[in-house]
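Let's walk through this one together, starting with the overall fold and then moving in to single residues. Keep the viewer open as you read.

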Amino acid sequence: MFKYFQPNRIFSITSKAPKYVFILFVIVLSIGLVEALILSPEDYKQSHSVRIMYVHVPAAWITLGIFSSMTLLSVIGYIFKIRNFFLISKSLAASGLVFNIIALVTGSIWGKPTWGTWWAWDARITSMLILSLFYIMYLLVWRIYKDDEKAFKISSIITILGIINVPIIKYSVDWWNTLHQSSSINILSKSSIHSSMLLPLVIMTAAFALFSLLIFLMKYNTELIKIKNKGLDRL
Amino acid sequence: MINEILFMDGYGIYVWSAFIFTCLSFTSLYTITKIQYTREKKKFIAKFGTLESEKAAFAKSQTINKEILSNPSGI
């Protein structure tokens, strides 16, 4: 099954896909922005500041999703010695870090009108900050170590250590008394968010997911060309 | 209408700064990624140009190399 993940097989797709993903991203983002900034209603408590949710929450979801995927890919890649999985994981990391920073900064901006402070060392915010440190460490490993085998090993260890933090982020609002509100959207039980707010949130999440896919494809293609550059040197 | 969207009952500064920060982050990440891609591709094309005809023919027989050379922009 893993032979289908060979770079030679999928480069013909990944090299053509970015332009289509980009067009789709622009369309979905435009709809999402109109919904988020104009059509969606204000909150009865938070007024218009609730609109920050439409960038803050998707960014947080996607950074957590990317880190979880990176861990899974690194572990499988390490066990089965699939180099391509490390390339995919490495190509995902940059957008994961940027989404993490967006979640932290927009959360901080949202905190000022809602809590009266830009920052609080509460469990959710601190654990998100720790996640960004894991992203930075992961990216630094690929910069520091030129030996791929060593980089594979150390980056896998970082993702395995970092994944411990992911359930802490998710459940921090339930386990501790935090300023951060508890989850409004649940897959297994009824969500407490109104459909008029859920719709822009879903559209913006789709737009952010498309953007991360776009960056991933561009990064992945760059990594493949780098490998091919080395291949030309050996000819 | 325009004033309402801009000022949002005094919350406009927070809402717009959050959206503008996100937009700037997206633009920066996209630009950096695009520059890295273009740089690697230029390097590949330059190296390919210096290959002897026999080696170039061999390299061109690989599908992935053909794809890199035929795909002008990457996006």
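Follow chain A along its sequence and you get the pattern α-α-α-α-α-α-α-α. That makes eight helices and zero strands, where helices (H or I, at least four residues) and strands (E, at least two) are DSSP runs numbered from the N terminus. Its radius of gyration is 19 Å, close to the 18 Å that the globule rule gives for 235 residues, so chain A is as compact as a globular protein of that length. That radius is taken over C-alpha atoms, and the globule rule is 2.2 Å times the number of residues to the power 0.38.

Before going on, a word on what you're looking at: this is a predicted model, in which local features need pLDDT of at least 70 and side-chain atom pairs count only at pLDDT 80 or more, while totals for chains, interfaces and linings use all residues. Residues are numbered from 1 along each chain as its sequence is written, chains are lettered from A and ligands numbered from 1 in the order in which they are written, and side-chain values use heavy atoms, with hydrogens and water left out.

Back to chain A, whose C-alpha trace spans about 65 × 40 × 30 Å along its principal axes. Of its 235 residues, 52% count as buried, meaning under 20% relative accessible area, with exposed over 50% and partly exposed in between (1.4 Å probe, protein chains only). Take the chain A contacts (heavy atoms within 4.5 Å) between residues at least 6 apart in sequence: 75% of them join residues at least 24 apart.

Now for chain B. Chain B has a radius of gyration of 23 Å, whereas a compact globule of 75 residues would have one near 11 Å. Its C-alpha trace spans about 70 × 15 × 15 Å along the principal axes, and 36% of its 75 residues count as buried.

**Into the core**

Which residues sit at the centre of the contacts in the largest nonpolar core, touching the most other members? They are A:Met53, A:Tyr54, A:Phe99, A:Met204, A:Phe208, A:Phe211 and B:Phe19, out of 85 residues in that core. A nonpolar core here is a set of buried Ala, Val, Leu, Ile, Met, Phe, Trp, Tyr and Cys residues joined through side-chain atoms within 4.5 Å. Helix H8 (residues 195–234) of chain A gives this core its largest share, 17 residues.

Start in helix H4 (residues 83–115) of chain A, at A:Ile102. Is A:Ile102 buried or exposed? It's buried, with a relative accessible area of 0%. Not counting residues up to four places away in sequence, A:Ile102 touches A:Val55, A:Ala59 and A:Gly107, along with B:Phe21, B:Thr22, B:Ser25 and B:Phe26. A:Pro58 is 44 residues from A:Ile102 in sequence, and their C-alpha atoms are 9.7 Å apart in space.

Helix H4 of chain A also holds A:Ser89, which counts as buried at 0% relative accessibility. With neighbours within four places left out, A:Ser89 is in contact with A:Met70, A:Leu73, A:Ser74 and A:Tyr138.

Finally, hop over to B:Tyr14 in helix H2 (residues 12–50) of chain B. Beyond four places in sequence, B:Tyr14 is in contact with A:Ile52, A:Ile109, A:Lys112, A:Pro113 and A:Trp118. Look along chain B to B:Asn65, 51 residues away from B:Tyr14, and you'll find 48 Å between their C-alpha atoms.
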